[in-house]
Structure formats: structure tokens, C-alpha cells
Amino acid sequence: MRLDSQTRQPHRRAVIDLTLEQLATATPPNTPWFGLDLGEATIGVATSDLSRMIASPLELIRKVKFTEDTGRLLKLMDARGASGLVIGLPLNMDGSEGPRAQSCRAFARNLQRLRPVPVAFQDERLSTAAVERFLIEDLDLNRKRRAQVIDRTAAAWILQGALDRLRA
């Protein structure tokens, strides 16, 4: 058995950049997944139900320090029994990855140092714009109220897209 050189614990391999099918295989059945919308100042968090059919907005984490932010995220995951993450990947319109997408991948890699969590990425192009349009047109929310819910709602949009893709 290989031991981690720093912790002297059994080495656990990071499980990131899985396909949605691999994420489903890597996580126990009847456990929710979390969806994340990683912004510059906030992390929108959403959760699925146990059957992974429906995504719901959960919380907005205001970024302070990485260890505090991920500590809060892991605490939420533990409280809900979440077994995997779907992280929104902000691709450029041509499908290439820019600095924001690289930042999301770095977040996932750094999270693995704290705890190996199975992670899949979901294309999030235009998700914030779609959610903003929904909040304005369908729910008629004012700017202040939209600002309070947009990131966690975008996380739910990202997670729901992944859940729908997996079922298709």
C-alpha cells in the first residue's frame, strides 16, 4: 500500500474531471450531488435530491480564504451526505478554456488535497445569463433580490443540466 508522504496515511487518488457517467459510478447510489458556480467573490452551491432528479439552490458562500471556503463546502456536503460535485466550467464561446475555466480546475485540484471528492465539470456557458433572464422575466425579481440569489440559482441550473444530461 502506498502512503502519502506528508500525512503517512494511505494515498487516495484525486478523482477529478470525470464524465457524468463516471461520477455516477464513483458515487454511492441514493446520495445527493452538489453543484457549484464558482465566481470571483462567491461560490453558489446547489444540491440534488437523493434520486439525482432535481437540483435546488442551497447556499451562497462568500469567498474569504480557500481553507475557510472549502471548509464550509465540506461541512455542507457532510451534513447532506453529498458524494460528488458538478462544477460549472466557464468555457469561452468557441469551447476553449480561458483563465476562469483554469481557475475552476485549480479549485477542484486544491480541494482534492483536503479531501478526495469525485468531480465532474459541466459546461456553464450562458448559465448566469439564462438564470438572470428567468429571475427577471418569470419571477420579476428586482436587482437587489436577484443579486442575493443568482449564484446559487446558477449552481442549481448547472447541476440540473448535468442531471438531465445523465438521464438522456
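**Strands and their pairing**

Reply: Leu38 has Ile43 of strand 2 as its bridge partner. The model is a predicted one, and every value below is computed from it.

Me: What makes strand 1 and strand 2 a pair, and in which sense do they run?

Reply: Strand 1 (residues 33–38) and strand 2 (residues 42–48) share 5 bridges. Pairing requires at least two bridges, so the two strands qualify as a pair. Their sense is antiparallel.

Me: How do you know that strand 4 and strand 5 pair, and in what sense?

Reply: Here too the count is 5 bridges, and the sense is parallel. The requirement is at least two, so this pair also qualifies. Within it, Leu89 stands opposite Asp123 in strand 5.

Me: Which are the edge strands of the sheet, and what makes them so?

Reply: The sheet is open, has 5 strands in the order 3-2-1-4-5, and shows mixed pairing. Strand 3 (55–62) and strand 5 (119–123) are its edge strands, each pairing on one side only. Neighbouring strands of the sheet are turned against each other by 25° on average, direction ignored.

Me: Why is strand 5 described as mostly covered?

Reply: Of its 5 residues, 4 are buried. A residue counts as buried when its relative accessible area is under 20%. For the chain of 168 residues, the buried share is 42%.

**Helices and the aromatic pair**

Me: Which strands do helix 2 and helix 3 lie across?

Reply: Helix 2 lies across strand 1, strand 2, strand 3 and strand 4 (84–89), and runs at about 150° to strand 3. Helix 3 lies across strand 1, strand 2, strand 4 and strand 5, and runs at about 160° to strand 4.

Me: Why is the pair of Phe66 and Phe107 called edge-to-face?

Reply: The count of aromatic pairs comes to 1. The ring centres of Phe66 and Phe107 are 5.5 Å apart, and the cut-off for a pair is within 6.5 Å. Their planes stand at 75°; an angle over 60 degrees counts as edge-to-face, so the term applies.

Me: What does this pair tie together?

Reply: Phe66 belongs to helix 2 (residues 66–80) and Phe107 to helix 3 (residues 99–114), so the pair ties together parts 41 residues apart in sequence.

Me: Are these two phenylalanines buried, partly exposed or exposed, and what decides it?

Reply: Phe107 has a relative accessible area of 8%, and the limit for buried is under 20%, so Phe107 is buried. Phe66 has 30%; this lies between the 20% and 50% limits, so Phe66 is partly exposed.

Me: How do you know that Arg105 lies over the face of Phe121?

Reply: Arg105 is placed at 4.7 Å from the ring centre of Phe121. The distance limit is within 6 Å, and the value meets it.

**Individual residues**

Me: Where is Thr31, and why is it called buried?

Reply: Thr31 is in the loop between helix 1 (20–26) and strand 1. Its relative accessible area is 14%; buried means under 20%, so Thr31 is buried. Beyond four places in sequence, Thr31 touches Leu50, Arg52, Gly81 and Ser83.

Me: What does the side chain of Thr31 reach?

Reply: The side chain of Thr31 reaches the backbone oxygen of Pro28 at 2.6 Å. The limit for a polar contact is within 3.5 Å, and this distance meets it.

Me: What sets Asn30 apart in its backbone, and is it buried or exposed?

Reply: Asn30 has a phi near 60°, a positive value in a residue other than glycine. Asn30 lies in the loop between helix 1 and strand 1. Its relative accessible area is 59%; exposed means over 50%, so Asn30 is exposed.

Key:
Residues numbered from 1 in each chain as written. Predicted model: local features only at pLDDT ≥ 70, side-chain atom pairs only at ≥ 80, totals over all residues. Heavy atoms only, no water. Phe/Tyr/Trp six-rings, centres within 6.5 Å; stacked < 30°, edge-to-face > 60°. Buried < 20%, exposed > 50% of the residue type's maximum accessible area, 1.4 Å probe, protein only. Lys NZ or Arg CZ within 6 Å of the ring centre and 35° of its normal. Axes fitted to C-alpha atoms, helices over the stretch in contact; angles between N-to-C directions. Contact = heavy atoms within 4.5 Å. Polar contact = N/O pair within 3.5 Å; in protein donor to acceptor, adjacent residues only side chain to side chain.
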